[in-house]
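The sequence and structure come first, followed by the points grouped by topic.

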Amino acid sequence: MQWKYSIQIALGAKKKVGFIDGTLKKPKVECSDLDDWTNNDCMVRSWLLNAISKETIGAFIFDTTVRELWNELEEHFSESNGPLIYQLQRQIASINQCDSSVSKYNTKLKQLWDQLSCLVQLPMCNCGSTKAMSDFAASTRLM
């Protein structure tokens, strides 16, 4: 899960996120921007491929665009949410400070809560329930 956010941050710094999320569409053949788009697509694809271990790269080398590669990576490396949510909840329930500093303990706990929040998002509504659920989640964290 963290791999996804790390890549998005790195690509965001280079203004290349549009290649993985599909917002930067491939220009038509007659468009003058096609060469630039193709060069950037190849560059981002090479960045992603270089981040993959040599043992697994063969499964992804033939994807023709970054968007295709990204979708394949998500399908291959993303974990099913149910078991991951369960694992995170168990880690949160069993975490203790032991010999760690307060800062290190809080950092680890926040990391687990943030990962869980990314997987279990509150539905959007206009009825005010979102605020109540958010308050409930904060209370649960406190406990």
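**Aromatic pair**

A search of the whole structure, which is a predicted model, finds one aromatic pair. Phenylalanine 19 and tryptophan 37 form this pair, with 5.7 Å centre to centre and 40° between the planes. The geometry is classed as tilted.

- The pair links distant parts of the chain, with phenylalanine 19 in helix 2 (residues 17–21) and tryptophan 37 in helix 3, 18 residues apart.
- Phenylalanine 19 has a relative accessibility of 5% and therefore counts as buried.
- Tryptophan 37 also counts as buried, because its relative accessibility is 11%.

**Helix 3 and helix 4**

- Helix 3 spans residues 34–50 and helix 4 spans residues 66–77.
- The axes of helix 3 and helix 4 come within 9 Å and cross at roughly 25°.
- Angles under 35 degrees count as roughly parallel, so helix 3 and helix 4 are roughly parallel to each other.
- On the helix 3 side, the contact is made by Asp41, Val44, Arg45, Leu48 and Leu49.
- On the helix 4 side, the residues that meet them are Val66, Leu69, Trp70 and Leu73.
- The residues of this contact divide into seven nonpolar, no polar and two charged.

**Arginine 45**

- The cut-off for buried is under 20% relative accessible area.
- Leaving aside neighbours within four places in sequence, arginine 45 is in contact with Asp63, Thr64, Thr65, Val66 and Leu69.

**Leucine 11**

- Leucine 11 lies in helix 1, which covers residues 2–13.
- With a relative accessible area of 4%, leucine 11 is buried.
- Beyond its neighbours within four places in sequence, leucine 11 is in contact with Lys16, Val17, Ile20, Val44 and Trp47.
- Leucine 11 and valine 44 are 33 residues apart in sequence, yet their C-alpha atoms are 8.1 Å apart in space.

**Helix 5 and helix 6**

- Helix 5 (residues 81–94) and helix 6 (residues 102–119) have axes that come within 10 Å and cross at roughly 155°.
- Angles over 145 degrees count as roughly antiparallel, so helix 5 and helix 6 are roughly antiparallel to each other.
- The crossing in which helix 5 passes helix 6 is left-handed.
- Helix 5 contributes Asn81, Leu84, Ile85, Leu88, Gln89, Gln91 and Ile92 to the contact.
- Helix 6 contributes Leu109, Leu112, Trp113, Gln115, Leu116 and Leu119.
- The residues of the contact of helix 5 with helix 6 divide into nine nonpolar, four polar and no charged.

**Leucine 119**

- Leucine 119 is located in helix 6 and is among the residues there that meet helix 5.
- Its relative accessibility is 14%, so leucine 119 counts as buried.
- Leucine 119 and glycine 82 are 37 residues apart in sequence, and their C-alpha to C-alpha separation is 9.2 Å.

Note on methods:
Residues numbered from 1 in each chain as written. Predicted model: local features only at pLDDT ≥ 70, side-chain atom pairs only at ≥ 80, totals over all residues. Heavy atoms only, no water. Axes fitted to C-alpha atoms, helices over the stretch in contact; angles between N-to-C directions. Helix = DSSP H or I, 4+ residues; strand = E, 2+ residues; numbered from the N terminus. Parallel < 35°, antiparallel > 145°, perpendicular 65-115°, else oblique. Contact = heavy atoms within 4.5 Å. Nonpolar A, V, L, I, M, F, W, Y, C, P; charged D, E, K, R; others polar. Left-handed = near helix turned anticlockwise from the far one by under 90°. Phe/Tyr/Trp six-rings, centres within 6.5 Å; stacked < 30°, edge-to-face > 60°. Buried < 20%, exposed > 50% of the residue type's maximum accessible area, 1.4 Å probe, protein only.
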